[in-house]
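This report goes through the fold, the ligand site and a few individual residues. The sequence and coordinates come first.

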Amino acid sequence: MKNNCVFCAIADGEIPCFKVYEDDLVLAYLDINPFTEGHTLVIPKAHYTGLLDTPPDVLKEIIVRVQKVAAHLKSALPCDGFNVLQNNGAAAGQTVPHVHFHIVPRYGEGGGISFKSGEGNMDVLKVLAERIRM
Ligand code: AMP
Ligand code: ZN
């Protein structure tokens, strides 16, 4: 298996997938452990680990495909919205180290994601922004 990577194996056709879209650069297929009906992954066929090592030119091409697939899912499914998620590193829940975008169709109102927000302290935020400003 190339790069010892399950998503490379899917891109190479060594492992089957439930394909939604394919072109020369990307493949989109159903997640086999879906959050919701139509949960789809968009991957580049080339192997990059995550957002930070994917070349910007490639990334631009991928995000345009994410838009295209999301628009298609929105019209093909009775969903009311969708999330686009992209995990980097085990701490962020990334389990497959081949960069991918999740498109998660959402049904009904008020669906969130499971981060818990707290009210921000403006003084703390000000100091933090000064510390990390680019
Ligand atoms: P992440 O947690 O962002 O790394 O997401 C990896 C996703 O890949 C998970 O949601 C898995 O359910 C999904 N996944 C793993 N193996 C396969 C596979 N062979 N076909 C489709 N989806 C897969
Ligand atoms: Zn790979």
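V26 counts as buried, at 1% relative accessibility. Buried stands for under 20% relative accessible area, exposed for over 50%, and partly exposed for the range in between, with a 1.4 Å probe and protein chains only as cover. V26 is part of strand β2. Between V26 and P97 there are 71 residues in sequence and 16 Å in space, C-alpha to C-alpha.

D23 sits in the loop between β1 (19-22) and β2. With 16% relative accessibility, D23 is counted as buried. The side chain of D23 has a polar atom 2.9 Å from the backbone nitrogen of V26. The side chains of D23 and Y21 are joined by a polar contact of 2.7 Å. A polar contact is a pair of N or O atoms within 3.5 Å; within protein, one atom must be able to donate a hydrogen and the other to accept it, and residues adjacent in sequence count only if both atoms are side-chain atoms.

## Basis of the values

The model is predicted: local features need pLDDT of at least 70, side-chain atom pairs count only at pLDDT 80 or more, and totals for chains, interfaces and linings use all residues. Residues are numbered from 1 along each chain as its sequence is written, chains are lettered from A and ligands numbered from 1 in the order in which they are written, and side-chain values use heavy atoms, with hydrogens and water left out.

## Overall fold

The secondary structure of the chain amounts to 3 helices and 5 strands, in the sequence order α-β-β-β-α-β-β-α. Helices (H or I, at least four residues) and strands (E, at least two) are DSSP runs, numbered from the N terminus. The chain has 134 residues, of which 33% count as buried. The C-alpha trace spans about 55 × 35 × 25 Å along its principal axes.

## The ligand site

Ligand 1 is surrounded by 15 residues, the closest being D31, G93, T95, H100 and H102. A residue is near a molecule if one of its heavy atoms lies within 4 Å of it. By type, the shell around ligand 1 divides into 7 nonpolar, 7 polar and 1 charged. In this division Ala, Val, Leu, Ile, Met, Phe, Trp, Tyr, Cys and Pro count as nonpolar, Asp, Glu, Lys and Arg as charged, and the others, Gly among them, as polar. Helix α1 (6-11) and strand β2 (26-30) each contribute at least two residues to the shell.

Which residue has a side-chain N or O atom 2.5 Å from an oxygen atom of ligand 1? That residue is D31. For N87, a polar side-chain atom lies 2.9 Å from an oxygen atom of ligand 1. G93 takes part through its backbone, with an N or O atom 2.7 Å from a ligand oxygen. Ligand 1 taken alone exposes 510 Å², and the protein buries 85% of that. These areas come from the Shrake-Rupley method with a 1.4 Å probe.

The space that ligand 1 takes is the largest pocket. On a 1 Å grid over the protein atoms alone, a pocket is an open set of points with protein on both sides within 12 Å along at least five of seven lines. A molecule sits in a pocket if more than half of its atoms lie within 2 Å of its grid points.

N87 belongs to the loop between β4 (81-85) and β5. Its relative accessible area is 22%, so N87 is partly exposed. N87 and V69 are 18 residues apart along the chain, and their C-alpha atoms are separated by 19 Å.

Is helix α3 (residues 122-132) hardly covered or well covered? Helix α3 is hardly covered: among its 11 residues the count of buried ones is 0. N121 caps the N-terminal end of α3, with a side-chain oxygen 2.9 Å from the backbone nitrogen of D123.

E109 is located in the loop between β5 (101-106) and α3. E109 is exposed, because its relative accessible area is 77%. E109 and E119 are 10 residues apart in sequence, and their C-alpha atoms are 23 Å apart in space.

Most residues other than glycine have a negative phi. N3 has a positive phi near 60 degrees, and N4 a positive phi near 50 degrees. N3 is partly exposed at 46% relative accessible area, whereas N4 counts as exposed at 69%.

Technical notes
On a 1 Å grid over the protein atoms alone, a cavity is a set of points where a 1.4 Å probe fits but cannot get out, and a pocket is an open set with protein on both sides within 12 Å along at least five of seven lines; lining residues have an atom within 4 Å of a point.
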